[in-house]
Amino acid sequence: MSTFNNTKYMEGMKQSVIVSTWFMFLTFPIMVIRVNTIENIIEWRWMNMFYVGAGSFILSFVWRYLSGRSISGRKENINAQGGHISFLQRLVSEKRLSLPALGVVAVIALFFPFISSIYQTNIMTTALMYVVLGLGLNIVVGQAGLLNLGYVAFYAAGAYTYALLYHHFGVGFWLALPLGALAATILGILLALPVLRLQGDYLAIVTLGFGEITRLVLENWNEFSFGPSGISGIPRPGLFGMEMGMHEATVYLYFLMILLCIVTIFVVNRLQDSRIGRALLALREDEIACQAMGINKTRVKLTAFALGSTWAGLVGVFFAAKTTFVNPASFTFLESAMILSIVVLGGTGSIIGIIIGALLLILLPEYLRAFSDYRMLLFGVIMVIMMIFRPQGIVEGVRRTYEFHAEENKKEI
Amino acid sequence: MDYFLELFIGGLTRGSIYALIALGYTMVYGIIELINFAHGEIYMIGAFTALIVASVLAMSGMSGLSVLILASVVAVIYSAAYGFTVEKVAYKPLRKAPRLSPLISAIGMSIFLQNYVLLAQTSDFLPFPNLLPDLPFMAPYVGFIGSTEFIIITTTAVIMVLLTLLIKFTRMGKAMRATAQDRDMAMLVGVNVNRVISNTFIIGSALAAVGGVLIASHIGRINFYIGFLAGIKAFTAAVLGGIGSIPGAVLGALVLGCTESFATGYVSSDYEDVFAFVLLIVILIIKPSGLLGQKATQKV
């Protein structure tokens, strides 16, 4: 037995040595050498090679341990027939647990702006904006299964609607809010019309192209959008004409955002059980079967895009009001990727998962300022690692099942 | 007419480079149906490696053709190694996962590689030395085609021919085609599917590195972000030609290159990148399977 363990151990050592040698080779030119072509100096950073070697040696052990565990974990899951429910899911599904938890969250949300600084309130508002964006994208990606990589275009539509309407006509926040949502919805339908025939990856790349076109047009059409310099001096939302200072305005915006979050959660939750929600699910699972059941595929797809982009438009107006400044640089592909990773990391189809995902992805980098240089690097790593070891996201979306009881129905008749 | 010809040559040059990158996308997609988002970054790493090697060699006193050859060879080897590693780390564990998972993993890998180069090297644009030699016999035609353009177009053409031969006639090419057609069936008849996938990534990445060296010499400067736009455009080219089809990728890339060149020459240079995407959307609406793609029939 001990010799068996010993050979296994030696095998692992050997593998890790190979892995670390490979990575030392791989990272050699980029990590070790840095050339300064202007002064003709070569900088040799041999210490980096040592770090890479040591780091990958240790990580390869961790990697093997984790992948061994995730394989055995999958086996267990199959054996248990999905009987294993995570703590978070229980928290959501059981009233006894969910009511107090909800209470705690509500109290924290209510008092947050008064116990923390204005800077933190601002960050929290941003995080809440991403919660709504994530939930909106989830309608398209999670429920309808249409991969949309250009979601940021609708976000931009909302923001620019408010900015332009204010700039030209002096329209205020509250009037711009529905108009921004409307503009984004129309844009969503405009995008959806030509791509209705497309599926899967083709759809993904067209939406990506659409997002990029939107940004490039905003950047280059100076007469319309004022180019890369953007539009500044957009007012924050008012409250019956009250004059508010910087601090009050931030807190006010925070509460408005909380309100929007609650509305979104309510609507999205109701949508899942509605006729449209079930049609979306059917469309995701099997397009042909869905048509055979008499669902109008075109209309459902249009609805999905329209519903998804409406939320982006709403948040766009909030974004313009919060930063008081919009320019095309805020609406790059990276933003779309960020929102998509919120949906995927949180767990496609799970509302609570997406909320947690948004809060983690937005708040963590803000509080880990020490790592600020490395945060995009870590962000990339986390996306890969999550996909490999926990592809269903932090909270797994629960599949809704509907039961039909013949007995009860008879009584009703 | 001269202006037209100049734009046409410019378009072909551009298209050739898109083709070199697009082949990597289309081959990978043909075999494992994955949009390899990190492919643009492999190309960027190829360009960076070439720059580093060329600078080190130039400072140690070497010059001329030997620098070009050594730098290209090292860049190709390193890009292939990166492509191989990315597949092993980020895609192989996800072979059986739902479609969305490897795509997200690829986006993550792309962000990681960009920031890795940004942190290890620099965020500034680096000047890239023009490694490509001046060909004396090109002198009479220099009015509309420079030696750089000529070298880029011929190199690409030669590589295309070699690749076609490789896929048509070698054992490895046969295995690749079999895997692309039906992975399970290929496995049953004894094709080592994992090795075929690795080979595909290695070949695709090596081609991207060649593209990286060529375009960096042509444009003359690189930074960590060049991979993103080049990657998206090359992917557009692959979709345009019908993704999964190798001649399609080349045709799509040339069409895309020429469209961009003419559009910037005759319409407006501000919207250079918009034309590519508009072309993509128009083609997909008219013919969703791309120029040379086969129409997939759906079985119920």
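## Fold of chain B

Among the contacts in chain B that link residues at least 6 apart in sequence, 78% join residues at least 24 apart. The model is predicted, and the values in this report are computed from it.

Eleven helices and two strands make up the secondary structure of chain B. Their order along the sequence is α-α-α-α-β-α-α-α-α-β-α-α-α. Chain B has a radius of gyration of 19 Å, close to the 19 Å that the globule rule gives for 300 residues, so chain B is as compact as a globular protein of that length.

## Dimensions and burial

The C-alpha trace of chain B spans about 60 × 45 × 35 Å along its principal axes. Of the 300 residues in this chain, 53% count as buried.

## Interface between chains A and B

Contacts between the two chains involve 51 residues of chain B and 43 residues of chain A. On the side of chain B that touches chain A, the elements giving two or more residues are helices H2 (39-59), H3 (65-91), H4 (100-120), H9 (226-241) and H11 (272-286), together with strand E1 (126-127). Helix H4 of chain B gives the most to this side, with 14 residues.

By class, the side of chain B that touches chain A holds 38 nonpolar, ten polar and three charged residues.

## Domains of chain A

Chain A is divided into two domains: domain 1 covers residues 2-79 and domain 2 covers residues 101-389. The C-alpha centres of domain 1 and domain 2 of chain A are 38 Å apart.

Methods. Residues are numbered from 1 along each chain as its sequence is written. Chains are lettered from A and ligands numbered from 1 in the order in which they are written. This is a predicted model: local features need pLDDT of at least 70, side-chain atom pairs count only at pLDDT 80 or more; totals for chains, interfaces and linings use all residues. Domain bounds come from an automatic or database domain assignment. Two residues are in contact if their C-beta atoms, placed from the backbone, lie within 7 Å. Helices (H or I, at least four residues) and strands (E, at least two) are DSSP runs, numbered from the N terminus. Ala, Val, Leu, Ile, Met, Phe, Trp, Tyr, Cys and Pro count as nonpolar, Asp, Glu, Lys and Arg as charged, and the others, Gly among them, as polar. The radius of gyration is taken over C-alpha atoms; the globule rule is 2.2 Å times the number of residues to the power 0.38. A residue is buried if 20 or more other C-beta atoms lie within 10 Å of its own, exposed if 12 or fewer, and partly exposed in between; C-beta atoms are placed from the backbone.
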